[in-house]
Amino acid sequence: MSPADHPPTAADRPPADAARPLTLADYETAARPHFTPAVRDFLEGGAGDERTLAANTAAFDAVHLHPRVLAGHQAPDTTTRILGRDWAAPLGIAPMAYHALAHPEGEVATARGAGAAGVPLTVSTFAGRTFEDIAAAATAPLWLQVYCFRDRGVTRALIERAERAGFEALVLTVDAPRLGRRLRDLRNGFALPEGIAPANLTGDGFDSPSAHALAEFDPALDWSVLAWLRTVSSLPILLKGVLTAQDARRATAEGAQGIVVSNHGGRQLDGAPATLTALPAVAEAVGRACPVLLDGGVRRGTDVLTALALGADAVLIGRPALHALAVAGADGVADVLGIVRDELTDAMALTGTGTVTAATPALVTPAPAGPAPAGPRVTAGTTGTTGTGLRTRDLHASVSDPVLDTMNFLNEITTRYPDAVSFAPGRPYEGFFDTEQIFTYLRHYVDHLHRQGSSPEQIRTTLFQYGPTSGHIRELVADSLRKDEGIDVPPESVVVTVGAQEAMLLAVRALITGPDDVLLASSPCYVGITGAARLLDITPVAVEEDEDGVRVDRLAAAIHAERARGRRPRAFYVIPDHSNPSGTTLSLQARRELLDLAEREDILLLEDSPYRLVSPGERLPTLKALDRHHRVLHIGSLSKTLFPGARVGFAVADQPVTDDTGRTTLLADALSKIKSMVTVNTSPISQALVAGMLLTADGRAGELNKATAAYYGDAMRVTLDALEDAFPPRERTALGVRWNAPSGGFFLSLTVPFRADEPALTQAAEEYGVIWTPMAYFHPQGGGEHALRLSVSYLTHEQIKDGIGRLARFVRARAATNGR
């Protein structure tokens, strides 16, 4: 019989050998007694499937990975981001029918195992458990594999049911819509055992493993099916079974949001390429338009890294998951996925690959010779056509990093829907700017230089030449900090930067010296620090905030955990006041505890503080103003407070640094050295403009921002009032909608009863004319999936009221159709 007489458990796991770790092959061997010959033949497929598997595994065996030494990376990071969700590894479970043949709980147990491993499960249309039961057990993304039936109503009902259950994407099987002649099943007279049937399909033709393929599938599918599916669901659509560059380009042109390179969805042609052989041409044709996944032949972690190197964003694993399910249930599934992830981590370490996105074709030899992309490829920025243009995967991994992609996606949405009310940009309000002021401020600074005794020639040099790397206006910045913030530091500790973003980059580069050094960051956090770190092949360690901001006990625990791993925590990044994105502000007690912890644990605090002077009311002291032991590297911006387009920021780095000879300088000097190799200096004209603004108010930037702070405070109040009106308390509770109420700054966070991801954002912009930012963008290690960020700074009060009304209509509609 099948499954085995007793439900498999973790105790049935193959015995471990101290001399050799478990592999997927061990699970395959252990699974054999759990199946009758007829069931085993059905699960393993027909002769064609055997040839396909052999071709796929042979393709992996023909490729070799290059070892690298002294790569200087931290422990390899296997996390990846697909369709707006973070996965623990670039792995998922491929769609397979009737998991109950392997385990009494079927797909429910598989979902638990996938969730424990932190990777998604693609559920077959012919699952033996209901979508609702599977979703109740799932803690990781669920995708639905879709076959298009002759009766489109059946397909529609399946999709709608899965979407209500919380599934996040559709995987349309597009290679020949039939399973082929399964000769072994015909010879065995195979029929599904009693009690095993497709749980989500009803009606004649769905009680036989072959009848549904031969009689119920629509044999005349064409590209119009994508448009039809979009009328059924707003979920992302991936096409499974693409093997050529031509089809890949057509898929992206038709709006597919993902491609699965797969060659065993239907009857295969003799000589059809192995999936790995087809992958490079498909990935090349797609570029970064959508994620590319590979399904077929993956049996080792080295296979995963090989697929990543040749253009895949992730891989799907099929039969090994069923073998593990049969042997040890959900624990077995999690174990198999963990084995592959561990092998991938080892392979990344041995090849000097720090992150998933760092895998490039240079890792492998020889690269499979797949079909060449059909037609010439045009490289952006060129005229004419050429086949020798650079590919994204030939560039640094940060270019393809999801953190950078998220901002590009947001900009694309904003451009595509210009009439939408956008709560996305954290920009200052333009109503306070006057073009003529530029000339006034420049004149103020020139007059100041003249009063300081500079000759006309010296003034000309100051304005037209490069100037000192640390900046012309350090004295004015230090004076302003003393008057506005009570921060008393020497000008020599100030480095004037190209916005606060450069200050972050310089600080991270100076402090994180090797793979064992750790940068910690509050989560959610500003994407600028995450992006700067990843440009430098550094993955920040997230410390989760609560509603009042970062908790010092969580930071202490994170520090101790990293030290237990043999690593050295160096710095913690935090925005104490009206943070971006959540809007939280740390209490005075929390600030003092944070400083005490920094002194006790010997770390630095990277304090980012751009919103203080543009917020109304009393200001708590900055961390730097409270700093008595040089534990705070203060990062400031004059963009929010004075002149966004000037792009002037600064770092205050007064920490003493002693070299091997005993000579002591300031950390600011080290930042200046790095800056000299990055931007050389900050624009003298930009410095002159913001200096002129400071001089008009005797160095008090706070005085210049009284009106703007009041305006932003009113904008926040109008937003909060509009939310109160749009979501009355009883409805708010019923929907599960809530928000915080920041006392200042530009941002607040709104929690919603559905995934606030890119598909939801697209729907909000397209159908309701409102744009926001997914909070998941701001969580370096996952989180925030059910929250969104609203920025109130750039809109008029009328636009805010209109936009909140649109947002409320969208939230109600999405909650009603999504159900989760």
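This is a predicted model: local features need pLDDT of at least 70, side-chain atom pairs count only at pLDDT 80 or more; totals for chains, interfaces and linings use all residues.
Trainee: How many aromatic pairs does a search of the whole structure find?

Mentor: The search finds 16 aromatic pairs.

Trainee: What makes Tyr429 and Phe432 an edge-to-face pair?

Mentor: Start with distance. Their ring centres are 5.8 Å apart, and the cut-off for a pair is within 6.5 Å. Now the angle. Their planes stand at 80 degrees, and over 60 counts as edge-to-face. So the pair is edge-to-face.

Trainee: Which aromatic cluster holds Tyr429 and Phe432?

Mentor: One cluster is formed by Tyr429, Phe432, Tyr611, Tyr711, Tyr712, Phe746 and Phe747.

Trainee: Why is Tyr429 called partly exposed?

Mentor: Its relative accessible area is 21%. Buried means under 20%, and exposed means over 50%. Tyr429 falls in between, so it is partly exposed.

Trainee: And what makes Phe432 count as partly exposed?

Mentor: Phe432 has 32% relative accessibility.

Trainee: Where is Leu761 found?

Mentor: Leu761 is in helix 28, which covers residues 758–768. From Leu761 to Leu788 is 27 residues in sequence and 9.6 Å in space, C-alpha to C-alpha.

Trainee: What puts the charged end of Arg427 over the ring of Tyr794?

Mentor: The charged end of Arg427 is 5.2 Å from the ring centre of Tyr794. The distance cut-off is within 6 Å. Arg152 lies over the face of Trp228, at 4.8 Å from the ring centre.

Definitions and conventions
Residues are numbered from 1 along each chain as its sequence is written. Side-chain values use heavy atoms; hydrogens and water are left out. Rings of Phe, Tyr and Trp (its six-membered ring) pair if their centres lie within 6.5 Å; planes under 30 degrees apart count as stacked, over 60 as edge-to-face and the rest as tilted. Buried means under 20% relative accessible area, exposed over 50%, partly exposed in between (1.4 Å probe, protein chains only). A charge sits over a ring if NZ of Lys or CZ of Arg is within 6 Å of the ring centre and within 35 degrees of the ring normal. Helices (H or I, at least four residues) and strands (E, at least two) are DSSP runs, numbered from the N terminus.
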